[in-house]
Amino acid sequence: MNTDKIYAESIAKEYAPKENSKIVALRKLDKYRGNKMWAPERQKAFYSGITDTLREYIAARYGVGAMEMTSDEIIEAVRGVELPQKSAMDLTQILRDADLVKFAKAVPEAEENEAAYRAAWDFVEQTKPIEIVEDDEDEPQKSGETDKKS
């Protein structure tokens, strides 16, 4: 049995929110957009915030221990997950840009920061779980409808 996988799954469960992971992630992302966190002196916090939000979302959504992984490990781990190609590319770009800001002291332009925020938002939207609503024919009809029996 792969102990790394078991450990990653236990970490993922720890970070899994009780609410819908999409809703939690989008709420957190909204906070980073509204607080002008991408001002030059706050960019490290901005990129740390959006990548931590994505890490938590990935942990909750896919069971990947993303909170304890490097960016490269996350990119490798999600290759085994069914993602739209654009989403996978966006995630890679966000993580790489964030690493440059956090560790190489890069200072992106305002447009790049907005693009990173938008890409993070789109990633969550494009990878949200699809809700399947089953239509049960044995359920009583909605009020206002009448049975048509001959």
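Predicted model: local features only at pLDDT ≥ 70, side-chain atom pairs only at ≥ 80, totals over all residues.

Reader: How many helices and strands does the protein have?

Author: The protein has six helices and zero strands, in the order α-α-α-α-α-α along the sequence. Helices (H or I, at least four residues) and strands (E, at least two) are DSSP runs, numbered from the N terminus.

Reader: Why is P40 called exposed?

Author: A residue is buried under 20% relative accessible area, exposed over 50%, and partly exposed in between (1.4 Å probe, protein chains only). P40 has a relative accessibility of 61%, and therefore counts as exposed. P40 lies in the loop between α2 (21-34) and α3 (43-62). The C-alpha atoms of P40 and V107 are 6.6 Å apart, although 67 residues separate the two in sequence.

Reader: What makes K105 exposed?

Author: The relative accessible area of K105 is 68%, so K105 is exposed. This residue belongs to the loop between α5 and α6. K105 is not a glycine, yet its phi is positive, at about 60 degrees.

Reader: Which residues of α5 and α6 meet?

Author: From α5 come K86, S87, D90, L91 and I94, and from α6 come A116, A119, A120, F123, Q126 and T127; contact means heavy atoms within 4.5 Å. These residues divide into six nonpolar, three polar and two charged. Here Ala, Val, Leu, Ile, Met, Phe, Trp, Tyr, Cys and Pro count as nonpolar, Asp, Glu, Lys and Arg as charged, and the others, Gly among them, as polar.

Reader: Which residues of the largest nonpolar core touch the most other members?

Author: They are L29, I58, I74 and L91, in a core of 30 residues. A nonpolar core is a set of buried Ala, Val, Leu, Ile, Met, Phe, Trp, Tyr and Cys residues joined through side-chain atoms within 4.5 Å. At least two residues of this core come from each of α2, α3, α4 (71-78), α5 and α6. Leaving aside neighbours within four places in sequence, I74 is in contact with R55, I58, A66, M69, L91 and L95.

Methods:
Residues numbered from 1 in each chain as written. Heavy atoms only, no water.
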